[in-house]
Amino acid sequence: MQLSPDNKNIVLLITHSGDFFTIDRVAEAVSEKGAIPFRLNTDKFPLEIQLTANFDHSRTYHTIEYNNQLISTEQIKAVWMRRIWEPYFGEELAPKFREACIRESKATLNGFWDSLRTAKWVDPLERINAASDKLRQLRIASEVGFKIPQTLITNKAEAAREFFQQVNGKMVSKLLTALSRTMEATSFFMYTSTVKEEDLQDAESLRYCPMVFQELIPKKSELRVIYVNGQVFVGALEADIYANAKADWRKPGVDSGAWQKYQISEEVLRRLQIFMGKFGLTYGALDFIITPDDEYVFLEVNPGGEWGMLERDLNLPIADAIANTLLS
């Protein structure tokens, strides 16, 4: 079925087939505001999604065909960049062709986004990619006045051991990039983990993969702050509730307790707005620690981070705020 070519009020929701709740809430909010949500599960390209780009001497014309619907990218008013997934080919494709097909599929998809350059993006891919640099995040957070943990990024074993002594043995480790794109218990994901002295006996393996080491910040609570176009929605977890996972509440099987609403200070909000402005981001999920002395410590921002638990548990209108931003 081809949607009417006169309809220029389509919102493209870029995600994957395993996504749920947040994608559904945004689709519902977009529909309630009179626009048409078009969900594009990127893991279904190229087997189930057909992309066509036509170039001639006077114009270009791009179409997306998926789930028995056909639209032109000229009809798309806004784009929500939720997730981009790896192409999936099943078992029928011979292994010797798989790498080339994945590479060409990614290149085609990346090139296709250019046809949506006049649409409103939350957020543009180039800004998301730039903001995902954790080292840059720490530098800019410090520049705008946030306290950050003492941090070491290294592939040198001796440097990691020296840093362990420097922070009096109170150290955590993590990666600069996620090995998984979901927070489900079945995912392969390198969570923030407490480091013990015996863990550093095999630190020579750092030569193959640099890691992030940070001082372990004492916690009274941990905040997930969702920023949407100047608005903030905040959930807090009390540290003593999830004491068995103080390094990272996201670990599978951890009962993190109930999220609670939280009001950040005006000064933190001001710094947060400056910080997001430095990256040009409309959306971000930020993590902070509140110390026993009620001091805010910035950890990181995820330009595509999760917020479904806050809308579900605290009834925060995050999906509505995203829909308003897309259609503003």
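# Questions on burial, cores and ring pairs

Student: What makes Phe288 count as buried?

Tutor: Phe288 has 1% relative accessibility, and buried means under 20% relative accessible area, with exposed over 50% and partly exposed in between, for a 1.4 Å probe and protein chains only, so Phe288 counts as buried. This is a predicted model, in which local features need pLDDT of at least 70, side-chain atom pairs count only at pLDDT 80 or more, and totals for chains, interfaces and linings use all residues. Residues are numbered from 1 along each chain as its sequence is written, and side-chain values use heavy atoms, with hydrogens and water left out.

Student: Why is the pair of Phe288 and Tyr296 called edge-to-face?

Tutor: Rings of Phe, Tyr and Trp (its six-membered ring) pair if their centres lie within 6.5 Å, and planes under 30 degrees apart count as stacked, over 60 as edge-to-face and the rest as tilted. The ring centres of Phe288 and Tyr296 are 6.4 Å apart and the planes stand at 85°, so the pair is edge-to-face. Ring pairs also link Phe288 and Tyr296 into a cluster with Phe146, Phe275, Phe279 and Phe298.

Student: How do you know whether Tyr296 is buried or exposed?

Tutor: Tyr296 has 16% relative accessibility and therefore counts as buried.

Student: What makes Trp113 and Trp121 an edge-to-face pair?

Tutor: By the ring rule there are nine aromatic pairs. In the pair of Trp113 and Trp121, the centres lie 6.3 Å apart and the planes are at 80°, so this pair is edge-to-face, and both residues are buried.

Student: Why is Thr22 called buried, and what does its side chain meet?

Tutor: Thr22, which is found in helix H1 (helices, H or I, of at least four residues and strands, E, of at least two are DSSP runs, numbered from the N terminus), has 2% relative accessibility and therefore counts as buried. The side chains of Thr22 and Arg82 are joined by a polar contact of 2.8 Å; such a contact is a pair of N or O atoms within 3.5 Å, where within protein one must be able to donate a hydrogen and the other to accept it, and residues adjacent in sequence count only if both atoms are side-chain atoms.

Student: What makes a set of residues a nonpolar core?

Tutor: A nonpolar core is a set of buried Ala, Val, Leu, Ile, Met, Phe, Trp, Tyr and Cys residues joined through side-chain atoms within 4.5 Å. The largest one has 30 residues, and Ile226 and Trp307 are among the members that touch the most others. Its largest share, seven residues, comes from H8.
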